[in-house]
Amino acid sequence: MTYVDLNSDMGESYGAYTLGKDADLLKYVTSANIACGYHAGDPATMRKTVQLALENKVAIGAHPGLPDLIGFGRREMAISAKEAYDMAVYQIGALSGFVRSEGGRMNHVKAHGALYNMAATNQALAEALAEAVYKVDPELIMFGLSGSELIRAGEKIGLRTASEVFADRTYQSDGTLTNRRLPDAMITDDDAAVAQVIRMVKEGMVKTRQETDVAIKADTICIHGDGPHALEFAAKIKSALTSAGIDVLAPVYK
């Protein structure tokens, strides 16, 4: 039986600002990547999101990002590998504390935004993040862009990895995501996004913006929860996966 995980970034509200519809989206996803206070989130939001995920029996992961609230962690920063390591340990540890205090256990780690994209192609940054995950808890699963340095670094250090694909993003011929600053970075047609996902899971291929096919491994699918039709899309993609004979299940902590 073919199966895949559905993950979404959550807990990105902070202070007086509310982002996303986490409580509703948790009914459709199987993994939640919870912001740890750097690019978004705050202690109260982290605690509440952990509680909601546990109530819905959704696997919990830390979502460490760059310290850039104003830019939502989507702007690149010139950081060293050691700085990346320290940032990741700090944020993973913070969320782990909330998960344990609520009687749960953390399942995975997925870097956010610019940190994720930088580490996807930068071996030193990828290895620093993998080391941070391993040293906090070697049983955690490391999420990373399919075919990226993140996946290679996780496997090299001995972590379980989950190769991630994106439902609503376009791809380049080297397997990377199209930069968000470009007009064709996002797929706005739900049917096209669903078709891309089904092909990635069943055929292991994705068509790039250069009209070439690239091999891809799909262990987990990211669906963004901050779009205007996020809930409708989440329901649609989950239904489409089930109809295609694909089970929706989280990769499980050992």
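## Largest cavity

About 70 Å³ of space lies in the largest cavity of this predicted model. A cavity is a set of points on a 1 Å grid over the protein atoms alone where a 1.4 Å probe fits but cannot get out. Points are joined across faces, edges and corners, and a volume is the space filled by probe spheres set on them. By this rule there are three cavities of 30 Å³ or more.

The largest cavity is lined by Pro-64, Ala-88, Ile-92, Val-109, Lys-110, Ala-111, Leu-129, Val-133, Met-142, Phe-143 and Leu-150, where a lining residue has an atom within 4 Å of a point. At least two lining residues come from each of helix H3 (81–101), helix H5 (123–136) and strand E5 (141–145). Helices (H or I, at least four residues) and strands (E, at least two) are DSSP runs numbered from the N terminus. The lining holds 10 nonpolar residues, no polar and one charged. Ala, Val, Leu, Ile, Met, Phe, Trp, Tyr, Cys and Pro count as nonpolar, Asp, Glu, Lys and Arg as charged, and the others, Gly among them, as polar.

## Helix H5

The 14 residues of H5 should span 20 Å at 1.5 Å a residue, which agrees with the 20 Å between its end C-alpha atoms; the expected span is 1.5 Å times one less than the number of residues. At the N-terminal end, Asn-122 caps H5 with a side-chain oxygen 3.0 Å from the backbone nitrogen of Ala-124.

Buried residues (under 20% relative accessible area, 1.4 Å probe, protein chains only) in H5 are Leu-125, Ala-126, Ala-128, Leu-129, Ala-130, Ala-132 and Val-133. They pack against H3, strand E4 (108–109), helix H4 (113–121), E5 and helix H6 (149–157), with contact meaning heavy atoms within 4.5 Å.

## Leu-140

Leu-140 is in the loop between H5 and E5. Its relative accessibility is 1%, so Leu-140 counts as buried. Leu-140 and Val-252 lie 112 residues apart in sequence, with 9.2 Å between their C-alpha atoms.

## Largest pocket

The largest pocket has a volume of about 540 Å³. Of its 24 lining residues, Gly-113, Ala-114, Asn-117, Arg-169 and Arg-180 are the closest to the centre. A pocket is an open set with protein on both sides within 12 Å along at least five of seven lines.

H4 gives the most to this lining, with seven residues. The lining of the largest pocket divides into nine nonpolar, eight polar and seven charged residues.

## Basis

Residues are numbered from 1 along each chain as its sequence is written, and side-chain values use heavy atoms, leaving out hydrogens and water. Local features need pLDDT of at least 70 and side-chain atom pairs count only at pLDDT 80 or more, while totals for chains, interfaces and linings use all residues.

How values were computed. Buried means under 20% relative accessible area, exposed over 50%, partly exposed in between (1.4 Å probe, protein chains only). A polar contact is a pair of N or O atoms within 3.5 Å; within protein, one must be able to donate a hydrogen and the other to accept it, and residues adjacent in sequence count only if both atoms are side-chain atoms.
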